[in-house]
Amino acid sequence: MRGGLFLILGALMMSALVFAQNRSAPAPPPPSGVDGSGWRTLTSEEARVVEACGTERAFTGKYVDHKEKGTYTCTRCGAPLFSSDTKFNSRSGWPAFDDAIEGAVRELPDPDGSRVEIRCARCDGHLGHVFRGEGFTPSDTRHCVNSVSMGFSETPLAEAFFAGGCFWGVEHLLESLPGVDSVVSGYMGGTVQSPSYQDVITGRTGHAETVRVRYDPTKTNYETLAKMFFEIHDPTQVNRQGPDRGPQYRSAIFVTDKAQEATTLKLIKVLKAKGLKVVTQVKRAGIFWPAEAYHQDYYVRTGKAPYCHSHTPRF
């Protein structure tokens, strides 16, 4: 009897050891041009503006007279910020937009006490300032943005953020969908700045293992992605997914705007009507912290298969 018990305990210990080794696979070299946070490495001038809240000289930015159609993005994290359809010539010497993509820009009082600063909502990088009451356009709003704070994509871009257990499997299954540009594993929903994996697995930072999905809204839509998310994890499990336990493995969707929130709540209502006791949290998206390099494209690099995610039709 004792021998059998020891064999069982030994098998459990070996399984735990193998699992722990799998969750800390050797890190590949970081991608070229990416810093330790998982964001793009900035030049000294970009860092002066984006990180130190500096301002580029008027009429020197590459996007002042830029007229191409597309999406202006954050130079540090790549998040979509402004549609080219909202750009106008304010003759101020800096790019101007009369509206931002909903949920993409955060406003806060400037330290000078008179202006309103704008920052990227996904990485907190400094963009510029917003002014109202000038009468330039019917919206009566001017987002005055440093060119050096932005990038540009000719392809329309949108983002979605999903947390459903270990991000390896969620990333792997979502990145194969048509219209998806990229999926990155990371952390969202917590209170600690720039968390590491070791911080998050304590369950005390408030973060959930989350994936950021960037997609072309002309080729797919948020509802398609959200439906797939609900079908590749178990949305009825509380603070766990399969063998992974803890609040960092909770089921959650971090929405970027009211449309995403409405769609998410609609899908949850459908699932509940089918008898599923859905516990998925619906929260506003905040800063997304990309995970370490060894977590990215894990199953592609290792040739393994997801251990707690698979497709189960639910809609």
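Reader: Are phenylalanine 162 and tyrosine 222 buried or exposed?

Author: Buried means under 20% relative accessible area, exposed over 50%, and partly exposed in between, with a 1.4 Å probe and protein chains only. In this predicted model, phenylalanine 162 and tyrosine 222 are both buried. Of the 315 residues of the protein chain, 48% count as buried.

Reader: What should I know about the numbering and the values?

Author: Residues are numbered from 1 along each chain as its sequence is written, and side-chain values use heavy atoms, with hydrogens and water left out. Since the model is predicted, local features need pLDDT of at least 70 and side-chain atom pairs count only at pLDDT 80 or more, while totals for chains, interfaces and linings use all residues.

Reader: How is an aromatic pair read, and how many are there in the whole structure?

Author: Rings of Phe, Tyr and Trp (its six-membered ring) pair if their centres lie within 6.5 Å; planes under 30 degrees apart count as stacked, over 60 as edge-to-face and the rest as tilted. A search of the whole structure finds 16 such pairs. One of them joins phenylalanine 162 and tyrosine 222, which are stacked at 6.1 Å centre to centre with 20° between the planes. Phenylalanine 162 belongs to strand β10 (residues 158–164) and tyrosine 222 to helix α5, so the pair ties together parts that are 60 residues apart in sequence. Elsewhere, Tyr63, Tyr72, Phe82, Phe97 and Phe152 form one aromatic cluster.

Reader: How are helices and strands assigned, and how many does the protein chain have?

Author: Both are DSSP runs, numbered from the N terminus: helices are H or I with at least four residues, strands E with at least two. The protein chain has seven helices and 17 strands.

Reader: Which residues of α5 are buried?

Author: They are Tyr222, Leu225, Ala226, Met228, Phe229, Phe230, Glu231 and Ile232. That is eight of the 11 residues, and α5 is mostly covered. A contact means heavy atoms within 4.5 Å. What covers the buried residues of α5 includes strands β10, β11 (180–188), β12 (208–215) and β15 (251–255), together with α3 (167–174) and α6.

Reader: How do I read a helix crossing, and at what angle do α5 and α6 cross?

Author: Axes are lines fitted to C-alpha atoms, for helices over the stretch in contact, and angles run from 0 to 180 degrees between N-to-C directions. Angles under 35 degrees count as roughly parallel, over 145 as roughly antiparallel, 65 to 115 as roughly perpendicular and the rest as oblique. The axes of α5 (residues 222–232) and α6 (residues 258–273) come within 10 Å and cross at roughly 40°. The two helices are therefore oblique to each other. The contact is made by Tyr222, Glu223, Ala226, Lys227 and Phe230 of α5 and, on α6, by Gln260, Thr263, Thr264, Lys266, Leu267, Ile268 and Leu271. For classes, Ala, Val, Leu, Ile, Met, Phe, Trp, Tyr, Cys and Pro count as nonpolar, Asp, Glu, Lys and Arg as charged, and the others, Gly among them, as polar. By class, this contact of α5 with α6 has six nonpolar, three polar and three charged residues.

Reader: Which residues make the contact between α3 and α5?

Author: The axes of α3 and α5 come within 10 Å and cross at roughly 135°. This pair is therefore oblique as well. The contact is made by Val170, Leu173 and Leu174 of α3 and Leu225, Met228, Phe229 and Ile232 of α5. By class, it has seven nonpolar, no polar and no charged residues.

Reader: Where does glycine 164 lie?

Author: Glycine 164 lies in strand β10 and is buried, with a relative accessible area of 1%. Its C-alpha atom is 8.7 Å from that of phenylalanine 230, 66 residues apart in sequence. Not counting residues up to four places away in sequence, glycine 164 touches several residues, among them Val170, Phe229 and His309.

Reader: What is particular about the phi of cysteine 53?

Author: Cysteine 53 has a positive phi of about 60° although it is not a glycine. Cysteine 53 lies in the loop between α2 (44–50) and β1 (71–74) and, at 33% relative accessibility, counts as partly exposed. Phenylalanine 59 lies in the loop between α2 and β1, and has a positive phi of about 65°. Phenylalanine 59 is exposed, with a relative accessible area of 59%.
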